[in-house]
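Colleague: Let's go through a model together. I would like to learn how to read helices and pockets.

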Amino acid sequence: MLEIAKEAASVAGAFLKERFLEQLTPDEELHNDVKLPEDKGSEQRIIEVLHRHFPTHTIFSEEIGMVSRDEEYLWIVDPLDGTNNYFIGHPYFSISIALQHKGELALGVVYNPVAGQMFWAEKGQGAFLNGKRISINNRTDLTRAAGTYIRGRETVTRQEELAFTEPFMLQTKRLLRNVAPALDWCLLANGWLDYIVMQRSGIMDVAAGIVIASEAGATITDWQGEPYRHEPFFQDQTRSLVATNGQLHDTIRAMTVEQHVANVQR
C-alpha cells in the first residue's frame, strides 16, 4: 500500500510541478484563502491511482469530501497542502496522503515535487526521505531552536495570533509560519525543525506528517501533555498539539499553555 501511495503522490506531483510556473487563475479567491483548479487536478490523479489499486477503499479528500466504501480502510488526502504558497510561486507545498486502517494511522506520504522531497513512513517501520532513514535532532538550547506555528482557519484573530506567538519569536531562534503544515511535520522529522505548535488545525492537513514525525522519534502531545492518540477520522476534527524533538518539549509546551491562558484572559 505504501508504494501505491507514493505512486499517487508522484503522479499528482508531476502535474503540480508542470503547472507551478504558470500564471494561475483561481476558481475563487478569499481574503485568507484561494481555490485553484490545480487542487482538483491533483485530487483526480490521486483518486484514480488509489481506486485503480484499491477499488473498495474509502477516500476522504479535501475537494470532493468522503467517497464511502469499505470502512476498514480510509485514505486521507490533501491534494495540494499549501495552496496559497503554490498560487504565489512559493515552492513550499506538498501532496499529503495518509491511510487509516481500522481507526489507526498506518502510513503517511508527503511529497514536495519542486524540491524533490518524498517523505514516507509506515507504522513501526521508521521514517524516510527519498529512501534514507531520518530522525529528529537532539537540540537542547531553546535560543537556537527553530519552530513553526500551525493554526486552523478562522480559529483566532490576527491580534490573538500575534500575542500568542510573540514569546516563541523572542525566545527561540526562529518561528516560521509556513501555511503548509504537512511539510512542517516532515521538517521536524528530519531534524530541520525543533518544534511545532498546532492550534485547532484540521487533522486532514497533518495526518500523514504525524505518522512520519512519530516514526522519526518526535514527541507529540496535546497542550495538556497527554501523548497524542489518533482518533478515527471525521471531517470537522481539529486538534491542538505540541510536537518537538523531545529535549525541548516541556519548555515549549509550558510556553504554549501560558500563552493560551494569557490570550483567554485578555
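Colleague: Which residues of H4 are buried?

Modeller: Buried means under 20% relative accessible area, with a 1.4 Å probe and protein chains only. In H4, that applies to Glu161, Ala163, Phe164, Thr165, Pro167 and Phe168. This is a predicted model: local features need pLDDT of at least 70, side-chain atom pairs count only at pLDDT 80 or more, and totals for chains, interfaces and linings use all residues. Residues are numbered from 1 along each chain as its sequence is written, and side-chain values use heavy atoms, without hydrogens and water.

Colleague: Where in H4 does the kink lie?

Modeller: A bend is the angle between axes fitted to the seven residues ending at a residue and the seven starting there. In H4 a kink of about 40° lies at Thr165, shortly before the proline Pro167.

Colleague: How do I read a pocket?

Modeller: Rolling a probe the size of a water molecule over the atoms shows where empty space is left. On a 1 Å grid over the protein atoms alone, a pocket is an open set of points where a 1.4 Å probe fits, with protein on both sides within 12 Å along at least five of seven lines; lining residues have an atom within 4 Å of a point. Volume is the space filled by probe spheres set on the points. The largest pocket has about 1,200 Å³. Of its 45 lining residues, Asp33, Arg151, Gly152, Arg153 and Asp205 are the closest to its centre. Helix H4 (158-171) is one of the elements giving two or more residues to this lining.

Colleague: Which element gives the largest share of the second largest pocket's lining?

Modeller: H6, with four residues. That pocket holds about 290 Å³.

Methods
Buried < 20%, exposed > 50% of the residue type's maximum accessible area, 1.4 Å probe, protein only.
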